Amino acid sequence: MAELRTSIHGQWSSRWAFVLAATGSAVGLGNIWKFPYITGENGGGAFVLVYLLCIAVIGFPIMMAEIMLGRRGRQSPINTMYTLAIESGHSGQWKWLGWMGVVAGFLILSYYSVIAGWALAYIFRTAASTFNNVTPDGVSSIFNTFLADPESLLFWHTVFMVMTMLVVARGVSGGLEKAVKFLMPGLFLILLVLLGYAMSTGEFNRGLDFLFNPDFSRINQESVLIAMGHAFFTLSLGMGAIMVYGSYLPQNASIAGTTFLIVIADTAVALVAGMVIFPLVFANGLEPGAGPGLIFQTLPMAFGHMPGGAVFGTLFFILLAFAAWSSSISLIEPAVAWLVENHNMDRMQASVIMGIACWLTGLLTVFSFNLLADFTPLDMFESFKGKTLFDLLDFLTASIMLPLGGLAIAIFSVWVMGRDASRDELDMGDGLAYKLWRFLVRYITPVAVIIVFLHAIGMIDLAG
Ligand code: PHE
């Protein structure tokens, strides 16, 4: 390589700091809130299998590609894509790929913050023993009353957005790195305690059976699209979050090795979360397909009846809020880094501006659960019938924008960027491992994403 760039935003203090930060980004609401509820809605085992397959053959190689591009470019994804494209003799228009990522991250954070706000609110509810000996109806009515009140949702959404911006404003090693060093180990510990409890419920095997026994009659094209989108979402791929974290990675760290650790940790947390939640769901006669409210409606029920439930429940929601926190900072980091690079702002100004804009956009989600609950603007399409603004935002970002971003990243890494450049940056020689990576990114990822998309388009009934 000609010359080594450095990032103006600083650098992780070590490879481990990067692994922690990237794991912090990957492990979030996606693992603990979203994975169980979409698994419940899509029938369990078969969906989980498709998701795992997508993680292995799409997520893993794309994560390597994103880290590689980030470290090579050492700037915000927009400028990285621009620089690397020009460097390899292609059009600077590739910067639009960076832009799509910035928009996707912004939109995701707008609703992510609202859901994370639910977790914050539930910390205090469980701690106050609100759920002691509650009935299933009682728990739903507490949840529904909460959702029906835009002011409470707004309050917690505001608190979470402020928390996010405080960390982002402090910068790479001052803010992000300090926060995750303390958040991640705590998270793993609390999850293991909960797993121990779930094993004692008597329905542990039934939970495992639901998660791991595939019944393919229970999934369709839409489930496959959701599973693939979730593989991107849960690994923070397709929008530049991992790319921007990669741009702060020290030059000597192995990309394949770090990717392996991050993917294993993320997948383990999701599966363990499922193994905690489904036994509790079955042991309490609850409904796996309850939707986005699943963990907020079913878990408090369990916590309300188990010995020490208030303690376990409080720990659980603290864990969820921590996990969300270390993800949310990476959702907005590409936008903040870009503002600092191109508009001469300091991180504080950039964070405040993005925070306010994102907070405002979050109002759409806040109101989707109350004032605008009946506003389902795409009802003319059969497959979007009944979808609220929140549902549509989630679908647009997780199922469309992230896989599309991932597809473009794959194309860029092997068709646009020269072979020498990627081999040099990945630094794993020219052996089997490199060839396998290249094969997956060159053929398997693009073909898989395109096939899933085509099937999904076929499923959308335009005549509705
Ligand atoms: N991976 C995060 C989660 O699972 C969400 C996320 C998506 C974060 C995209 C950054 C980028 O909750």
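A residue counts as buried when its relative accessible area is under 20%. Ser 110, at 0%, is therefore buried. The model is predicted, and the ligand in it sits in the largest cavity.

**Ligand surroundings**

- The ligand is surrounded by 15 residues, and the closest are Ala 26, Gly 30, Tyr 112, Phe 233 and Ser 236.
- By class, the shell around the ligand holds seven nonpolar residues, eight polar residues and no charged ones.
- The ligand sits in the largest cavity; the elements that give two or more residues to its shell are helix H1 (15-26), helix H2 (29-41), helix H10 (221-234) and helix H14 (309-343).

- An oxygen atom of the ligand lies 2.7 Å from a backbone N or O atom of Gly 30.
- A polar backbone atom of Ser 25 is 3.2 Å from a nitrogen atom of the ligand.
- For Thr 234, a polar backbone atom is likewise placed 3.2 Å from a nitrogen atom of the ligand.
- Taken alone, the ligand exposes 320 Å², and the protein buries 100% of that area.

**Ser 236**

- Ser 236, one of the closest residues to the ligand, is located in the loop between H10 and helix H11 (241-246).
- The relative accessible area of Ser 236 is 10%, so this residue is buried.
- The side chains of Ser 236 and Ser 25 are joined by a polar contact of 2.8 Å. Ser 25 also has a polar backbone atom 3.2 Å from a nitrogen atom of the ligand.

**Ser 110**

- Ser 110 belongs to helix H5 (residues 95-127).
- In sequence, Ser 110 and Leu 339 are 229 residues apart, while their C-alpha atoms are 18 Å apart in space.

**Glu 382**

- Glu 382 is part of the loop between helix H15 (347-368) and helix H16 (389-416).
- Glu 382 counts as partly exposed because its relative accessibility is 40%, and that class lies between the limits of 20% and 50%.
- The separation of Glu 382 and Val 27 is 355 residues in sequence and 33 Å in space, C-alpha to C-alpha.

How values were computed:
Residues numbered from 1 in each chain as written. Predicted model: local features only at pLDDT ≥ 70, side-chain atom pairs only at ≥ 80, totals over all residues. Heavy atoms only, no water. Near = heavy atom within 4 Å. Polar contact = N/O pair within 3.5 Å; in protein donor to acceptor, adjacent residues only side chain to side chain. Areas by Shrake-Rupley, 256 points an atom, 1.4 Å probe, with all protein chains shown as cover. 1 Å grid on protein atoms, 1.4 Å probe; cavity = no way out; pocket = protein on both sides within 12 Å on 5 of 7 lines; lining within 4 Å. Sits in = over half its atoms within 2 Å of the grid points. Helix = DSSP H or I, 4+ residues; strand = E, 2+ residues; numbered from the N terminus. Nonpolar A, V, L, I, M, F, W, Y, C, P; charged D, E, K, R; others polar. Buried < 20%, exposed > 50% of the residue type's maximum accessible area, 1.4 Å probe, protein only.
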